[in-house]
Amino acid sequence: MTRITIDPVTRLEGHGKIEILLDDLGNVEHTYFQIPELRGFEAFCVGRPVEDMPALTNRICGVCPEAHHMAAAKAADAVYGVTPPRTGRMLRELLYNAFYVTDHATHFYVLSGPDLIMGPDAPKAERNILGVVKKVGAEVGGKVIDTRKAGHRVIEIIGGRRIHPCTGVPGGMTKAISDAERDEIKALGDAMVEFASFSLDLFASMLQDEAIEEIVKGDLYTHQTYYSGLVDADDKVTFYDGQIKVVAPDGEVHGQYEPKDYRDWISEKVEPWTFLKFPYLKKVGWKGLVDGKDSGMYTVAPLGRLNVASGMATPKAQAAYEQYFATLSPDGTPVHSRGATHWARLIEMMQAAETVQALVNDPEITSPNVRAVPTETPTEGVGTVEAPRGTLTHHYWTDENGVITRVNLIVGTTNNYGPIAMSVDKAARSLISEGTVVTDGLLDRIEMGFRAYDPCFGCATHTMPGQMPMIVTIRDKAGNTLKELRRD
Amino acid sequence: MTAPVTTTQTPTPGPVGEPFEPLILGFTCNWCSYRAADLAGTARTKYPHNVRLIRLMCSGRMEPEFILEGFAKGADAVIMTGCWPEDCHYRIQSVKALRRFLFLRRTLSDLGIEPARLQRFYASAAEGQRFADEIARIVAEVRALGPIQPEIRVALDGHPVAPAPAAEPVEVEA
Amino acid sequence: MTAPKIGVYICHCGSNIASMVDVEGVRDWAASELADKGVVVSRDYPFMCSSLGQELIENDIKEYGLERIVVGACSPHMHEKTFREASANAGLNPYLAELVSIREQVSWVHTDKVKATEKAKAIIAGGVYRVHEQVPLEPLIAPVNSATLIVGGGIAGITAALEIADAGYPVHIVEREPSIGGHMAQYDKTFPTLDCAACILTPKMVDAGAHPNITLHTWSEVVDVSGSVGDFKIRVKHKPRMVVEADCTGCGICIEKCPVQVIDTGFEAGIGYRKAIYTPFPQAVPKYPVLTPDDCTYFAKGTCKACEKFCPVDCIDFTQTDEFVELTVGNILLATGFQPFDARRIESFGYGRLPNVFTSMEFERMSNAAGPTGGKIVLRDGVTEPKSVTIIHCVGSRDKNTNEYCSAICCMQSLKFAHLVREHTGADVYECYIDMRTPGKGYDEFYNRILDEGTQFIRGRVAEVTDSLRYPEEEGHEGRLIVQVEDTLAGVKRRIPADMVILSTGLEPQPDATEVARMFGVGCSTNGFIIERHAKLAPVATMTDGVFAAGATLGPRDIPTSVSNGAAAAATILSRIAQGQIAMEPYRATVDAARCSGCRICNDLCPFSAITFDEAAMVTEINPKLCQGCGVCVAACPANAISGSGFSHDQIIAQIDGLLSYPGGGDGRPVEEAVGATA
Amino acid sequence: MTIQAIEPTEAIAPTEAEGVSEGVAKPRYKLAMYWASACGGCDVAVLNLGMKLIEFTERWEPVFWPAAMDAKRQDVRAMEDGEIDVCLFDGGIRTDEDAEMAHLLRAKSKVLVAFGSCAGEGCIPGLANQRSIEHVFAAAYDPELNDVNGGLPNGPWESPYGELELPTLSVRLRTLGQVVDVDYSVPGCPPETERIAEVLGAVTAALDGTGPLPPKGAVLGAGNSTVCDECKRERGVKHITEFKRIQTLAEIDPTLCLLEQGLPCCGPATRDGCGAKCPAAGAPCIGCYGATQGVNDFGARLLSAYASVVDASEPEDIERILAGLPDTVGQFYRFSLAASLLHGGRS
């Protein structure tokens with residue numbers, strides 16, 4: 001048997017490794033996308049007081065600690081049956097939306113930007129952030145850095161620290177913001193909306209490029225999966241709180257449920273060849289890593305969120321949403337092309353920026369009433385937010401003293417583990433047949449497919465998205481290396 | 001004096017097939033329990049050999065780190081001794097030792113170290129017999145408990161440094 | 001760091017160690033196995049503490065250039081000083097020598113020579129590891145101010161004051177009553193000699209009052225103490241006497257003219273009266289009266305001023321207020337005495353309810369010729385002489401419900417009372433005692449004398465004193481008291497009729513003893529008596545350098561003991577004054593200000609008030625003169641900013657590592673064969 | 001960690017710097033940054049240097065940094081021993097693969113820095129050491145919550161199509177210093193970006209020979225006191241009468257010491273350098289900068305400090321106050337269990 005090993009992420013023959021096993025004819029027999037790390041947060045969070053969870057679970061991921069912080073704080077609220085006061089909740093949302101702007105901007109410009117803005121045919125030496133800056137102008141580069149800084153500053157003001165915030169507690173937040181801090185955030189919020197506008201315009205102009213259009217609309221990474229994401233009471237995209245809505249590949253609503261009922265809807269499949277679990281829709285069932293309406297595979301993150309909602313919650317984002325569907329799926333059925341995710345991400349960035357603006361202008365945002373003291377006996381609670389990379393659920397069980405007895409975590413990227421694995425498999429099958437390996441483009445395609453998902457396996461092993469250099473080793477049955485391909 | 005102790009663990013025999021002999025570290029106060037030990041000596045009061053004593057000026061000098069160091073370096077149990085609180089040589093400092101003892105015992109217990117491995121007793125300078133009796137009692141208890149978990153011992157001298165793996169051949173194109 | 005050169009010395013202590021520990025084996029083991037820890041010479045010797053043993057060490061220090069010494073011998077409490085001096089003689093800082101005990105902790109308490117030898121090796125290893133971290137230390141030297149503060153002007157305080165003053169050094173006595181003299185001034189006779197208390201005390205009081213080196217601060221209290229040994233700062237409050245002392249002649253006319261009489265619950269123990277302006281007793285020192293505004297008509301109504309009107313020298317001053325004086329002293333003696341047990345606490349004895357139940361202090365005043373009754377022993381009606389008197393011992397002593405301790409003086413005072421009753425009234429006297437304790441010089445002889453005088457002794461605890469008659473045979477005793485007691489010698493319950501019952505009350509610490517102890521930074525036991533530095537070897541010193549205690553403030557004691565305490569304290573204080581300075585063990589905590597975070601965890605941990613906080617710099621400071629070296633703050637400091645010399649973190653950790661480095665009991669390994677040669 | 005006498009100047013003097021005279025362009029040092037079992041926060045903290053990072057690249061050539069650029073393990077293997085001038089290693093040692101990388105980077109680096117809490121003291125994931133590794137698998141793959149019919153992962157697996165490699169989790173999570181010899185450490189979860197800039201500046205100066213070379217074992221990018229030193233909250237003498245849970249406080253006083261408000265703040269024992277941001281935001285310090293200079297066991301220190309000021313003398317009263325801390329291991333060893341003297345216990 002011939003085997004192809006792809007260590008896709010520089011993160012070493014580490015966090016994400018692909019094994020392609022061929023049959024005797026040289027066709028793809030099976031593809032394994034492995035996540036080789038486990039830290040065990042579900043285990044060692046047991047015995048900790050529930051109020052420690054926002055700080056402990058931050059450390060699941062240094063890229064999106066804000067998402068874990070919020071999910072943990074919400075789960076802790078639920079454990080105590082306490083509702084944070086309006087200002088407390090607004091501060092959490094304000095922090096969270098500012099984080100969204102930063103995170104989406106980073107992904108679009110720093111990680112995907114080189115492919116998209118420079119185009120896939122640009123020289124590799126230019127396909128990096130410096131190339132992007134060169135092309136779009138130093139001014140834009142400065143804007144990207146400023147936007148990142150702005151987001152981090154808002155996070156620091158409200159969350160206490162730039163990385164691993166510390167202010168979320170059961171019942172609300174530990175501190176209010178001052179008038180001066182409010183004014184600072186106000187200015188930053190305005191700049192964010194302006195930057196989101198600029199980004200959407202930039203993307204629209206890029207779509208004129210055929211190669212880009214192919215990435216966004218093309219067929220290579222199209223999977224007919226279910227989609228899942230939070231919607232608000234008006235069925236619009238929401239990040240901090242809402243109900244989970246699931247639609248079938250044809251757009252039919254599979255169901256809508258309160259996040260706390262997730263166990264009725266979601267199960268996770270453990271495989272002995274990877275530490276990461278595969279979530280699937282329980283009511284459809286586990287059919288393996290295949291798409292279609294009969295398979296419980298579902299997709300989350302920007303693509304999923306826009307597919308389930310009937311629109312965006314803010315005006316500028318809504319306008320962009322309408323343009324998105326008019327371009328990609330005029331009949332309103334789900335957009336299946338993974339490449340569309342980049343566009344969806346920018347639309348979400350606009351919503352987040354507009355939300356920052358709206359929240360910071362709320363007269364009550366500086367109210368000192370940011371925390372409610374729980375009165376109920378703690379029991380069990382679920383906290384769900386939309387992390388940039390997908391629906392994030394924290395589920396805690398506690399004793400009557402509020403000490404954790406059991407934890408279940410379904411992390412953003414994990415939801416997309418199945419679809420990512422499918423995309424890998426699809427790329428392999430389209431490029432390898434009867435022992436002939438279409439080496440040109442194999443690596444590019446795999447990488448671009450990955451990037452659309454913006455996978456964050458730091459979270460999922462409870463890594464950060466980075467450049468995705470790869471080595472593909474093709475070995476013969478005896479394990480001897482036949483060929484090694486690498487891209488830098 | 002031997003105190004009957006119920007334990008679910010079977011004492012692990014030493015390598016030469018003798019009954020398990022625990023190694024116990026004992027901290028004493030210069031003014032009371034150390035002098036009690038002196039008195040036990042001058043009175044030729046016999047007690048088991050398993051305890052090794054350290055003299056501090058006051059039981060309140062006890063840093064919890066000393067106890068952890070003891071466990072880390074192979075003690076099967078550690079004993080804190082000091083003045084009776086009402087007769088503390090430094091007036092009120094014996095109580096501080098008590099507070100640290102209770103905090104540490106609970107923490108050790110949460111780390112999986114049996115509470116009986118951290119013991120304490122008071123002994124005034126006049127209580128040589130009491131000192132000997134208490135040592136005998138504790139040695140019996142710890143002997144029944146068996147050696148401290150091997151895992152803890154392993155951890156002690158630092159996690160063994162993993163040997164560098166044999167260098168893998170760098171794969172080059174065939 | 002290269003290992004310091006270490007010499008190891010194993011003492012045989014004759015056969016005391018050598019019979020149970022293979023000393024040659026330990027010697028050879030240390031020379032070979034501890035060589036990498038710096039041991040360059042290892043010896044054994046029959047008696048290390050002998051002058052030849054010490055010379056051995058001194059010569060090695062010079063010959064091998066030893067930098068550390070470890071002696072395995074007896075307890076450091078026995079010979080630590082010896083080996084430190086030997087080191088110092090050879091030019092090595094004495095604190096670089098460590099004595100570890102292989103006698104008290106090994107040879108004398110173990111029976112298995114193999115195990116004992118193993119343990120001795122571990123102990124030597126502990127010492128060797130420890131001395132690596134040892135640093136040279138110098139004793140702390142503090143100059144000693146030659147003035148002394150004595151708190152309490154009772155017989156213990158007066159004795160000490162006179163001894164020190166006679167030696168030529170200034171003494172301040174602070175006494176909160178108007179006069180010095182203490183309880184002894186209240187007594188009639190003293191046991192066992194039956195001297196008149198006033199006769200022997202008064203000359204002492206007068207000497208103290210007139211002594212050029214003694215300053216009396218009566219009607220005064222110490223309100224603040226700061227500083228440390230050799231240099232204490234004392235703040236004393238002079239309560240207003242309303243009498244200008246400088247002008248008062250002590251003529252007593254004001255007292256005579258004062259129209260207000262109040263029950264004297266102080267000196268007269270509540271059975272006599274005094275005026276609103278008074279001296280507690282005629283021989284009071286100083287002679288100036290005190291006016292108590294609470295009792296004075298002028299202060300209540302604004303009129304009277306009889307005292308002022310009649311004062312021939314015009315020394316009454318109603319406007320006086322508290323005055324404060326600051327003193328600087330080098331040593332302090334606490335001689336604050338006792339208070340009598342409050343007999344009301346034992347309800348079954350009826351004191352306060354049954355009029356003819358008296359306390360010992362009431363009886364003392366009654367039998368005193370200068371007392372309210374002029375020395376007549378009478379019932380509460382003031383006229384009737386008792387025909388039968390029962391004295392109950394151990395009231396408020398040797399009793400789990402009140403005080404467990406023996407009050408030491410009750411037996412003898414009861415015997416004295418029996419004698420006085422018989423002498424004054426001829427009444428029958430019964431004494432109900434638990435045990436008769438007469439250990440002093442001439443005390444048992446006094447007991448025999450009282451026996452011979454016909455006092456009846458009943459051994460047993462009194463259950464009750466009552467005035468209700470219960471049995472037919474008690475008819476005719478109406479109005480009298482019945483003392484119910486179990487006569488444990490006869491094995492019968494007895495009910496003894498009596499006209500008068502005297503409760504021989506015990507001694508308790510002063511009500512504010514705990515606060516006083518705290519102010520002076522000394523320890524007191526749960527019952528409130530000050531704890532001595534060593535019950536036997538330092539009975540008048542306290543744990544705080546420069547603060548001493550004498551008399552009943554240390555526990556119940558009689559006059560001879562109080563006097564000897566006072567004299568002993570004076571001798572100790574004089575020795576320190578004569579030296580002019582004091583050397584203290586250099587075991588002290590110090591703060592590294594750069595590392596102190598100002599968290600203030602340690603700030604309230606020191607009972608000796610050595611720790612203070614600099615609010616401006618936000619760092620904690622430790623006064624080395626107040627620090628007693630317990631190390632509590634060192635262990636508490638979360639910033640690792642406080643270090644403790646002599647018993648540093650590194651020294652202790654090293655000793656732990658050393659003690660546990662040699663496999664002994666832990667895994668049952670047999671002792672290793674001794675290998676290697678000695679130097 | 002064994003401490004051995006080394007000649008640090010010799011150990012890290014970069015060959016490039018030799019013979020450099022004035023007027024010649026300054027040497028460019030080789031930098032590596034690697035994440036083992038980590039969350040990526042340390043790498044993000046370095047990336048957050050922003051424009052400063054770009055300035056640093058004039059003096060530093062990143063030769064291996066998976067989070068930010070492309071390079072492969074093979075490239076590292078191909079290097080000469082000691083070719084990398086400085087390696088910032090973040091993440092704990094959780095798997096055999098992590099340990100292998102630690103050895104590899106130790107061999108290839110002149111200076112190996114344990115960067116961040118995970119590499120330095122195990123961080124939050126080190127809490128896994130409190131229980132057995134079996135417990136980790138049992139909780140992560142709880143059969144009630146997951147579909148585990150196919151078996152659990154750990155180590156190589158024989159697929160129907162051939163064997164697949166998968167790392168094996170070690171029994172305990174270890175710190176970098178427990179696996180290889182470490183030269184310096186930079187504490188924090190993550191280290192504050194400003195501190196990282198200072199460290200890189202100081203290390204550059206040391207290599208250039210224009211600044212002092214820190215002694216081996218030094219902790220860089222932090223102070224030698226504790227968080228209270230930087231904390232602006234007012235404080236008085238400490239007496240703990242009760243430990244309170246933050247959610248039970250009706251009010252969090254914005255200016256008073258949090259410990260004095262009953263919150264079990266780790267500030268007194270935690271090394272300073274972070275700027276006391278959490279307490280400033282009303283949240284107790286959780287101890288991410290680890291123990292201060294000379295302290296071998298963070299938990300023992302904090303425990304001793306708390307216990308010393310517990311306002312009770314009777315065992316039952318002390319126990320009652322202690323009961324206010326529902327999780328002693330989490331409270332005292334939140335970040336440092338793997339580095340503690342007992343390396344976490346086993347139950």
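Is Phe318(C) buried or exposed, judged by its relative accessibility?

A: The structure is a predicted model, and the values below are computed from it. Phe318(C) has a relative accessibility of 11%, so this residue counts as buried, the limit for that class being under 20%. Its ring pairs with that of Phe299(C) in an edge-to-face arrangement, with 5.9 Å from centre to centre and 65° between the planes. Planes over 60 degrees apart count as edge-to-face, which means that 65° falls in that class. Phe299(C) belongs to helix α9 (residues 297–301) of chain C, whereas Phe318(C) sits in the loop between α10 (306–310) and β17 (323–329) of chain C; the pair therefore ties together parts that are 19 residues apart in sequence. Phe299(C), at 35% relative accessibility, counts as partly exposed.

Chain C also places charges over rings. Arg235(C) lies over the face of Phe324(C), 4.4 Å from the ring centre. Arg274(C) is positioned over the face of Tyr278(C), at 4.0 Å from the ring centre.

Over all chains, the count of aromatic pairs comes to 46. One of them joins Tyr257(A) and Trp265(A), whose ring centres are 4.8 Å apart and whose planes meet at 10°, so the pair is stacked. Both Tyr257(A) and Trp265(A) are buried. Ring pairs in chain A also build a cluster, which includes Phe108(A), Tyr109(A), Phe195(A), Tyr321(A) and Trp343(A).

Glu80(C) is buried, with a relative accessible area of 13%, and Arg55(B) is buried with a value of 11%.

Along the sequence they follow the pattern β-α-β-α-β-α-β-α-α. The chain has 174 residues, of which 61% count as buried. Of the contacts in chain B between residues at least 6 apart in sequence, 81% join residues at least 24 apart. Chain B exposes about 6,300 Å², and carbon and sulfur atoms supply 59% of this area.

A salt bridge also connects Glu194(D) with Arg162(A), where the closest N and O atoms are 2.9 Å apart. This pair crosses between chains as well, from helix α8 (residues 193–208) of chain D, which holds Glu194(D), to the loop between α6 (138–159) and β4 (168–169) of chain A, which holds Arg162(A). Glu194(D) counts as partly exposed, at 37% relative accessibility.

Within chain D, the side chains of Lys216(D) and Asp183(D) form a salt bridge of 3.4 Å, N to O. The two residues are 33 apart and lie in distant parts of the chain: Lys216(D) is in the loop between α8 and α9 (277–280), and Asp183(D) is in the loop between β9 (169–174) and β10 (184–186). Lys216(D) is partly exposed, with a relative accessible area of 26%, whereas Asp183(D) is buried, at 7%. Salt bridges with shared partners also join residues of chains A and D into one network, among them Arg153(A), Glu156(A), Arg162(A), Glu192(D), Glu194(D) and Lys277(D).

Conventions. Residues numbered from 1 in each chain as written. Chains lettered and ligands numbered in written order. Predicted model: local features only at pLDDT ≥ 70, side-chain atom pairs only at ≥ 80, totals over all residues. Heavy atoms only, no water. Phe/Tyr/Trp six-rings, centres within 6.5 Å; stacked < 30°, edge-to-face > 60°. Buried < 20%, exposed > 50% of the residue type's maximum accessible area, 1.4 Å probe, protein only. Helix = DSSP H or I, 4+ residues; strand = E, 2+ residues; numbered from the N terminus. Lys NZ or Arg CZ within 6 Å of the ring centre and 35° of its normal. Contact = heavy atoms within 4.5 Å. Areas by Shrake-Rupley, 256 points an atom, 1.4 Å probe, with all protein chains shown as cover. Salt bridge = Lys/Arg side-chain N within 4 Å of Asp/Glu carboxyl O.
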